[in-house]
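I opened this notebook to look up what surrounds the ligands. My entries follow in the order I made them.

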Amino acid sequence: MGSTPPVFIGAEEVEKHLHRASLLLPALEAALANFSAGAAGGVVQPVRTVLPVPRHGGYLGVMPAYSAADDALTTKLVTFYEHLKDSSVPSHQATVLLFDPSNGTLKAVLDGSVITAKRTAAVSAIATKLLMPAFAEVLCILGAGVQAYSHYDIFTELFTFKEVRIWNRTKERAVKFASCVSGPVRVCSSAQEAVTGADVIVTATMATAPILSGDWVKPGAHINAVGASRPDWRELDDELMKNSVLFVDSRDAALTESGDVILSGAEIFAELGEVLKGTKPALPEKTTVFKSLGMAVEDTVAAKFVYDAWSAGN
Ligand SMILES: NC(=O)C1=CN([C@@H]2O[C@H](COP(=O)(O)OP(=O)(O)OC[C@H]3O[C@@H](n4cnc5c(N)ncnc54)[C@H](O)[C@@H]3O)[C@@H](O)[C@H]2O)C=CC1
Ligand SMILES: O=C(O)C1=NCCCC1
C-alpha cells in the first residue's frame, strides 16, 4: 500500500480560507505567549537559518517550528531579494511544508506568501492593540509593498483611524496603493510629512538605512518596525531606538538578526508574548517600538489554520 501524497494548497486556496488576517488572531496570541513561556510553552523554534545568495543579492530563510499546543509541525522556506530587476517577481516568496508530527509524513505543501503577508500584519495588529496610545487617530504606513497592503487591511478592520497616510520611496507605488485600498489614504511626499503627528506607524520597506527619525515621531506613538531583518540593515535611527520602549517577537532573533537592535545598542524591554502572558507591562503611554522579525511558529499556526479549513471543505 503506497503512502498518500501531500496535498498542494496554492495561493488562491490559501486566500480563500484566510480571507481576513484577523482570523489568525487567537492562534497567534496563543503562539506568541507559548513561545515566550520557554520549554513550558511547548514551542520548539530555533532562530532561523538565513543563507545568503551573494551573486544575486538574495537570501534563503529556513524556518522550522513545532507547537505542542497545536500539535503542528512545519517549516517555511522563504526567499527575499534586495534588487530584483524584473519587478513582476515579488521580492519575497515562500512555501510552507506541513508534516504529521506523529510520524513525520509530509501532509501538505502550502503557498507561504499569503500566509507571510497576513500573519505578519496580524502580529503587528496584536502589538498595536497592546501598545498604541489611547485615542489614536492617525495611522502612517512607510512602504507600499505587500506588507503595506496586509497591514492596511487588518489595521482598518480592527481600529478606527480618522486618517491613514502612506509614503513610499517611489511615489507612483504610494499613489497606486491609495487608489487600490478600500478607504481614503493621504499620499505623502516625504516620510517626515507622513510621520508627523501620527499615533501609529508601520515601517514595511526594503530599506537598509534608516528611513524613520526619532525627532519626527510624536511622543507616545507606537511603531511597528517590520522591515530590516538583517544585522546590518536599518529602518529606524538610533535616537528612536534608544528613546522608545522596545518590544520584540523573539529576543534571540532580535539580537541575531535586527540591525536596528544590534547597531543601536537599544535595550529590549520585553517579548510580545511576555506582555500577552501578563509577566511584563505594555506601557502604551510611552513611545513604543515593536521590532518584528517574523517567527516560524506564526507560520505553523497559520498553516494549520488553512489546512484544517481546507480539509473541512474537502
Ligand atoms: N517581520 C516580518 O515578519 C516580516 C518582515 N518582512 C519585511 O517587510 C518589508 C516589506 O516586505 P514586502 O512588503 O513584502 O516587500 P515589497 O518588496 O513588496 O515592498 C517593499 C517596499 O519598500 C520600498 N523600498 C525598497 N527599497 C527601499 C529603500 N531602500 N528605502 C525605502 N523604501 C524602499 C519599495 O518601494 C516597496 O514599496 C521587508 O523588509 C521584508 O523583509 C517581510 C515578511 C515578514
Ligand atoms: O518571517 C518571515 O517570513 C520573514 N521575515 C523577515 C524577512 C523575510 C521573511
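**Entry 1: polar contacts of ligand 2**

I began with Arg48. An N or O atom in the side chain of Arg48 sits 3.1 Å from an oxygen atom of ligand 2. I keep in mind that this is a predicted model. Next I looked up Lys76. Between a polar atom of the Lys76 side chain and an oxygen atom of ligand 2 I read 2.6 Å. Then I turned to Leu293. Here the backbone takes part: one of its polar atoms is 3.0 Å from a nitrogen atom of ligand 2. How much of ligand 2 does the protein bury? Ligand 2 exposes 260 Å² when taken alone, and the protein buries 91% of that.

**Entry 2: the shell around ligand 2**

I listed the residues around ligand 2. They are Arg48, Met63, Lys76, Val78, Phe80, His92, Thr116, Arg119, Ser229, Leu293 and Gly294. I then sorted this shell by class. Four residues are nonpolar, four are polar and three are charged.

Which element gives the largest share of this shell? I found that S5 does, with three residues. Strand S5 covers 72-81, and helix H3 covers 113-131; each of the two supplies at least two residues of the shell.

I also checked the domains. Domain 1 (7-115 + 297-312) gives the shell around ligand 2 at least three residues, and domain 2 (131-295) also gives at least three.

**Entry 3: polar contacts of ligand 1**

I moved on to ligand 1. Asn168 has a polar side-chain atom 2.8 Å from an oxygen atom of this ligand. Arg169 also uses its side chain: a polar atom there lies 3.3 Å from a nitrogen atom of ligand 1. For Gly145 I noted a backbone N or O atom, 3.5 Å from an oxygen atom of ligand 1. On its own, ligand 1 has 860 Å² of accessible area, and the protein covers 89% of it.

**Entry 4: the shell around ligand 1**

How many residues are around ligand 1? I count 22, and those that come nearest are Ser91, His92, Gln147, Asn168 and Thr205. By class, 11 residues of this shell are polar, eight are nonpolar and three are charged.

Which element leads here? H3 gives the largest share of the shell around ligand 1, three residues. Both H3 and helix H4 (146-158) supply at least two residues each.

**Entry 5: cross-check**

I went back over both lists. His92 is among the residues around ligand 2, and His92 is also one of those that come nearest to ligand 1.

Definitions and conventions:
Residues are numbered from 1 along each chain as its sequence is written. Chains are lettered from A and ligands numbered from 1 in the order in which they are written. This is a predicted model: local features need pLDDT of at least 70, side-chain atom pairs count only at pLDDT 80 or more; totals for chains, interfaces and linings use all residues. Side-chain values use heavy atoms; hydrogens and water are left out. A residue is near a molecule or strand if one of its heavy atoms lies within 4 Å of it. A polar contact is a pair of N or O atoms within 3.5 Å; within protein, one must be able to donate a hydrogen and the other to accept it, and residues adjacent in sequence count only if both atoms are side-chain atoms. Accessible areas come from the Shrake-Rupley method with a 1.4 Å probe; for residues, only the protein chains shown count as cover. Helices (H or I, at least four residues) and strands (E, at least two) are DSSP runs, numbered from the N terminus. Ala, Val, Leu, Ile, Met, Phe, Trp, Tyr, Cys and Pro count as nonpolar, Asp, Glu, Lys and Arg as charged, and the others, Gly among them, as polar. Domain bounds come from an automatic or database domain assignment.
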